[in-house]
Amino acid sequence: MHKIDAEAIENIAVGAALLGTGGGGDPYIGKMMALSAVNEYGPVRVISPEEVDEEAVYTPAASMGAPSIMIEKMPKGDEFVRVFQKLEKYLGKEIKGVFPIEAGGVNSMIPIIVAAQLNLPLVDCDGMGRAFPELQMVTFHLNGISSTPMAITDEKGNIGIIETIDNVWAERLARTATVEMGARALISNCPCTGKEVKQASIHNVVSLSENIGRIIRSKELETQEKFNQLLEITGGFDLFNGKITDVQRNIEAGFNRGKMVIEGLKNDTGEQVEIYFQNENLIALKNGEPIALTPDLICLVDQETLAPVTTESLKYGKRVRVLSLPSASQWRTNIGIETVGPRYFGYEYEYTPVEDLVKKERAYR
C-alpha cells in the first residue's frame with residue numbers, strides 16, 4: 001500500500017491523460033479538484049487488486065458525456081460523493097473502496113476525490129487500461145458483470161438509479177439522461193465484489209499512470225530521452241511527427257465526434273495522417289492506410305513538452321507526435337474486438353495489432 005499525495009496527483013493526471021487516448025476529459029480540471037480534496041482530507045491510500053476483500057463491494061465513480069463540455073460547465077463539487085452514496089444506499093451494502101473505470105484526465109481523478117472525502121482506499125486498477133466512450137466498453141462487461149444498478153446525477157442535484165436488462169441498454173438510457181442533464185453527468189456504476197475486481201479489472205493502471213507522468217514531467221531528462229523511456233515503459237510505437245492542419249469536431253448525442261488531419265514534419269515530411277475520434281482516438285490512417293486501430297491506443301503528445309493532447313484541445317498548427325500503445329490482452333479477444341473494434345464504430349477495417357501494422361508499414365519504406 002502507498003499513498004497518493006499532491007505530487008502523485010500531478011503525475012497521475014498527466015499519465016492517465018496519455019492513456020486516455022485523447023478522451024477522459026481535461027487533465028487540468030480533474031487535477032485541481034483532486035488536489036483540493038487531498039489538501040483538505042489528506043493523502044489517499046492505494047491498495048493493489050490482490051489486497052481487496054473478495055466478499056466486499058467496490059465500485060467506480062466517473063464523469064459521463066462529452067469531455068469538451070466540462071471546459072465551460074464546471075462541476076459544482078458535491079456530485080461525486082452524492083452519486084457514490086446514492087448507489088451505496090440503493091445496494092444496502094457498505095462500499096469498501098473505489099477505483100477508476102478508465103484512464104483519463106478527469107476520470108482518473110474523480111475516484112481520488114471520492115476516496116479522499118470518504119476515507120476509502122483507491123484500488124490500483126481500472127476497467128479499460130485506456131479510455132473508451134461507452135459504458136459497456138469495460139473488461140467487466142467482457143466478464144459478464146453488469147453495469148447496473150447505476151446511480152447518475154448532475155450539478156443541479158437531479159439524481160436517479162438505472163437498472164437495465166444488459167449493459168448496452170445501460171449505455172443507451174444513461175446516455176439519454178446525460179444529454180438531458182446538459183451533455184455531462186456523474187455516475188457510479190458496475191458495483192462488483194473484490195473477487196470480481198481481481199478477475200476482471202486491468203491491474204496497476206494507477207501505478208502505470210503515475211510512472212508515465214513522472215517521466216513526462218521530469219526536469220532532468222531531455223525530450224528525446226523522455227520519449228524513449230515513454231515508449232519503453234508502455235511498449236509503444238512512434239508512428240508520426242507532424243502539424244495539425246485541420247480539425248473537424250462537433251458534439252453529437254453526448255459525444256465529441258470528429259477527425260483531425262496531421263501533415264508530416266521532419267522524417268515524415270510529405271506524408272499525411274488522419275485520426276478519427278469519438279471522445280477517444282479510434283483509428284489512424286497514413287496516406288489512407290491504417291497504422292493503428294482501436295482497441296490499441298492512439299495517443300498524441302506535444303512535440304516539445306510531450307504533454308498529452310486531448311481531443312477537446314486540438315487546434316490548427318499544433319505540432320504533435322503520434323504514438324500507439326498495444327491494448328490490454330482482454331481487448332484482443334473475439335468478444336473484445338466485437339465490443340470495441342473498428343467495425344463497432346462503423347469503420348470498415350479488420351482489427352490488426354499495432355505491432356503488425358508497424359511491421360507492414362516499415363516494410364514498404
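Figure 1. In the protein, 74% of the contacts with a separation of 6 or more are between residues 24 or more positions apart. Keep in mind as you look around that this is a predicted model.

**Figure 2. The protein as a whole.** Here you can find 12 helices and 19 strands. The radius of gyration is 19 Å, close to the 21 Å that the globule rule gives for 365 residues, so the protein is as compact as a globular protein of that length. Along its principal axes, the C-alpha trace spans about 60 × 45 × 40 Å.

**Figure 3. Inside and surface.** Of the 365 residues, 60% count as buried. The accessible surface of the protein comes to about 14,600 Å², and carbon and sulfur atoms make up 47% of that surface.

**Figure 4. Charged side chains.** How many positive and negative side chains does the protein have? There are 37 positive and 50 negative ones. The centres of the two sets lie 2 Å apart.

Figure 5. To find Ala 131, look in the loop between strand S7 (125–126) and helix H6 (139–142). Is Ala 131 buried or exposed? Ala 131 has a relative accessible area of 0%, and because buried means under 20%, Ala 131 is buried.

**Figure 6. The neighbours of Ala 131.** Leaving aside residues up to four places away in sequence, Ala 131 touches Leu 19, Gly 20, Thr 21, Glu 102, Ala 103 and Glu 280.

Notes:
Residues numbered from 1 in each chain as written. Predicted model: local features only at pLDDT ≥ 70, side-chain atom pairs only at ≥ 80, totals over all residues. Heavy atoms only, no water. Helix = DSSP H or I, 4+ residues; strand = E, 2+ residues; numbered from the N terminus. Rg over C-alpha atoms; globule rule 2.2 N^0.38 Å. Buried < 20%, exposed > 50% of the residue type's maximum accessible area, 1.4 Å probe, protein only. Contact = heavy atoms within 4.5 Å. Areas by Shrake-Rupley, 256 points an atom, 1.4 Å probe, with all protein chains shown as cover. Lys, Arg positive; Asp, Glu negative; His and termini not counted. Charge placed at Lys NZ, Arg CZ, Asp CG, Glu CD.
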